Amino acid sequence: MREGGISIWFFIGVSLLVNGILIVGAGIWELIAPPALDARVVLFNLHANVWWGALLLIFGLAYCLKFSPGRKT
Amino acid sequence: MTAVMAAITPTTLVHLSAVDIAIIVFYFALVLAIGLYLRGRSNTGEDFFMAGREMTAWIAGLSFLSANLGSLELMGWAAAAYQYGILAAHWYWIGAIPAMLFLGIVMMPFYYISKTHSVPGYLKLRFGESSRALSAISFALMTLFMSGINMYSMALVLKVVLGWNINFSIVISSATVAAYVALGGLRSAIFNEVLQFILIWAGAALIPILGLVETGGWSNLRLQIARNASAEYTHLWTTLGSFKDNPMGIHWTGIVFGLGFIISFGYWTTDFLVVQRVLSAKDLRSAKMAPIIGAAFKMLVPFIVILPGLLGLAVLPMKLTGETAALATGGHSYNEVLPLMLARYCGPGLLGLGITALIAGFMSGMAGNVSAFTTVWTYDIYRALIKKNESDAHYVSMGRWCTVLGVFFSVLTAYLVMSFASIMDYVQALFSFFIAPLYGTVILGMLWKRATGAGGFWGLFAGTVSSIGMWAWVKINPAALRYVALSPNARDMAENMYRALWSWIVCVVVTIVVSCMTKAKSDAELNGLVYGVTAIPHEAAVPIYHRPAFWATVVAVFFVAVNILFW
């Protein structure tokens with residue numbers, strides 16, 4: 001799917017990367033300025049948005065690099 | 001932006017932060033960008049309607065699954081899991097896996113070698129124009145209705161969950177789907193379906209992970225469900241010995257024969273919405289592998305759909321009810337279980353991704369319906385019955401306009417459903433009328449060379465009419481349920497299963513009887529269409545781990561294992 005064009009996996013990489021950055025950013029902001037106790041989600045102490053966002057960011061970055069349109073196969 | 005914000009009302013199930021809105025807006029921008037990018041690569045009919053037949057097995061397989069993951073799938077089956085327990089997983093395992101493997105190993109060679117553009121197109125080659133016309137017209141109508149229902153359901157969810165205005169949701173989502181499918185054709189729909197598949201998993205997988213952490217694992221979850229609801233809710237087969245022993249009111253024969261052998265095989269092997277994705281594969285091996293890859297992932301979908309419903313039974317502080325009771329009491333309905341679980345675990349960012357997953361699911365289903373409708377309308381109705389022998393460019397142009405018109409008619413259907421709520425039940429029943437008989441016609445056409453054109457047409461016709469007849473019989477006289485579903489204790493789900501089984505049997509019997517009374521085609525005419533007179537390429541020279549049959553066996557072993565594990 002890359003013959004003469006951008007691979008679908010590159011688009012997926014961009015999507016995961018951007019979402020990962022936004023989610024990690026939101027998670028770190030919550031670490032700096034935690035919400036009020038009654039506004040917290042269940043299992044807030046696990047800070048899922050930090051590690052799940054980081055996971056998306058890493059996968060997204062890897063896909064962007066591997067399937068970059070400028071990269072020679 | 002002001003209009004967007006004005007459409008968001010403050011009384012909602014969840015509240016989105018700025019970062020959640022940014023994630024949703026980015027998703028819409030990306031799918032449109034993909035459509036725009038692919039516009040230049042959809043100039044011929046083969047490009048626009050069949051994605052150039054150049055998809056890899058992975059892309060065709062994920063798209064095959066994603067086209068089905070839309071519609072009411074995510075919300076509806078999570079709700080069913082809350083309502084009926086793990087029995088809902090049958091629709092993912094016995095109700096999908098055997099049929100998907102059968103499509104890959106047995107049926108795909110005939111679809112692929114015949115180079116048909118569609119399932120009605122195969123019927124034309126095998127049985128003649130009348131069978132194609134019957135199947136194409138019914139499919140086109142039902143696809144539009146289903147697309148409209150999906151659209152309305154999505155708008156309803158966004159209203160309940162986010163407080164978005166229904167008209168706003170319908171306009172934004174339908175315009176986006178129309179734009180990217182009209183611009184890039186099937187290739188654009190497939191690209192977006194793969195993207196949507198990944199986003200659905202990225203957005204929904206965290207719920208079961210955190211849910212299992214909160215409940216303390218599967219064993220503790222079962223104990224909590226037994227305490228809050230019933231121990232029956234976590235057994236897949238042990239409660240199916242009697243209609244009265246399980247919350248779904250169904251017997252194992254209905255699940256195995258009605259769902260497993262008829263509805264599932266009918267849907268996964270003859271519904272052009274999903275088969276079209278596999279037909280876009282670049283070669284026969286990819287076309288055979290695509291449904292097997294789809295089956296492997298299908299087996300995992302209960303993790304993000306069924307498990308959240310079960311977790312809802314264990315951890316949600318409130319009792320969910322049916323839609324009517326929820327409206328009367330101001331409580332929450334079964335359909336809200338997934339958003340409630342999302343709101344329970346997902347903070348800023350993750351909530352936006354979860355909502356994006358829901359929107360992506362609905363949009364992939366809608367795009368699947370629209371692109372399948374466009375192909376069937378253009379090739380099997382417009383070119384076959386209205387304007388023959390036009391140029392390829394003319395049909396591509398018709399396809400682009402047809403996409404926009406298809407979405408427009410879907411919007412009208414969505415408003416029709418909104419005005420008459422009961423239409424939704426009727427249309428879903430209507431859709432099921434065609435699936436089981438069509439499967440009978442296609443499977444006999446592929447595997448029995450003696451089946452004739454007249455046999456195929458009258459079998460399909462009789463099967464469809466008998467299915468409608470049984471449905472009307474039970475509607476007029478509810479006591480007839482004891483004959484159609486074999487028990488007065490059967491419920492709606494069971495009735496659908498048995499009605500499908502009987503209509504398939506009627507179709508097969510009529511096809512055989514009429515075929516035996518009419519003149520068969522010669523072997524030469526059936527070459528490439530029927531088992532026994534078609535040379536199928538061998539895979540002897542390929543290593544075992546490259547063979548579709550090997551991977552189908554692996555998936556089949558896992559399928560048996562999960563059924564035993566959750567017995």
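Tutor: A residue counts as buried when 20 or more other C-beta atoms, placed from the backbone, lie within 10 Å of its own, as exposed when there are 12 or fewer, and as partly exposed in between. This is a predicted model, in which local features need pLDDT of at least 70, side-chain atom pairs count only at pLDDT 80 or more, and totals for chains, interfaces and linings use all residues. Residues are numbered from 1 along each chain as its sequence is written, while chains are lettered from A and ligands numbered from 1 in the order in which they are written.

Student: How does Leu43(A) count by its C-beta neighbours inside 10 Å?

Tutor: Leu43(A) sits in the loop between helix 1 and helix 2 of chain A, where helices (H or I, at least four residues) and strands (E, at least two) are DSSP runs numbered from the N terminus. Because Leu43(A) has 16 C-beta neighbours inside 10 Å, the residue counts as partly exposed.

Student: Which share of the 73 residues of chain A counts as buried?

Tutor: Two residues are in contact if their C-beta atoms, placed from the backbone, lie within 7 Å. Among the contacts in chain A with a separation of 6 or more, residues 24 or more positions apart account for 82%. As for burial, the share of the 73 residues of chain A that count as buried is 40%.

Student: Which element gives the most residues to the side of chain A that touches chain B?

Tutor: Between the two chains, 24 residues of chain A are in contact with 28 residues of chain B. The elements that give two or more residues to the side of chain A touching chain B are helix 1 (8-32) and helix 2 (48-66) of chain A. With 13 residues, the element that gives the most to this side is helix 1 of chain A.

Student: Which share of the 567 residues of chain B counts as buried?

Tutor: In chain B, residues 24 or more positions apart account for 83% of the contacts with a separation of 6 or more. Of the 567 residues of chain B, the share that counts as buried is 57%.

Student: Which residue follows helix 7 of chain B with a positive phi?

Tutor: Helix 7 (residues 119-127) of chain B is mostly covered, since 8 of its 9 residues are buried. Val119(B), Pro120(B) and Tyr122(B) are among the buried residues of this helix, as are Lys124(B), Arg126(B) and Phe127(B). With a phi near 115 degrees, the residue that follows helix 7 of chain B is Gly128(B).

Student: Is Pro308(B) buried or exposed?

Tutor: Pro308(B) lies in helix 15 (residues 302-315) of chain B. Leaving aside residues up to four places away in sequence, Pro308(B) touches Ala78(B), Ile207(B), Pro208(B), Gly211(B), Val337(B), Leu338(B) and Met341(B). Because 26 other C-beta atoms lie within 10 Å, Pro308(B) is buried.

Student: How far apart in space are Pro308(B) and Leu210(B), C-alpha to C-alpha?

Tutor: In sequence, Pro308(B) and Leu210(B) stand 98 residues apart. In space, however, the distance between Pro308(B) and Leu210(B) from C-alpha to C-alpha is 10.0 Å.

Student: What is the phi of Leu486(B), a residue other than glycine?

Tutor: The place of Leu486(B) is in the loop between helix 22 (481-484) and helix 23 (492-517) of chain B. Because Leu486(B) has 16 C-beta neighbours inside 10 Å, the residue counts as partly exposed. The phi of Leu486(B) is positive, with a value near 70 degrees.
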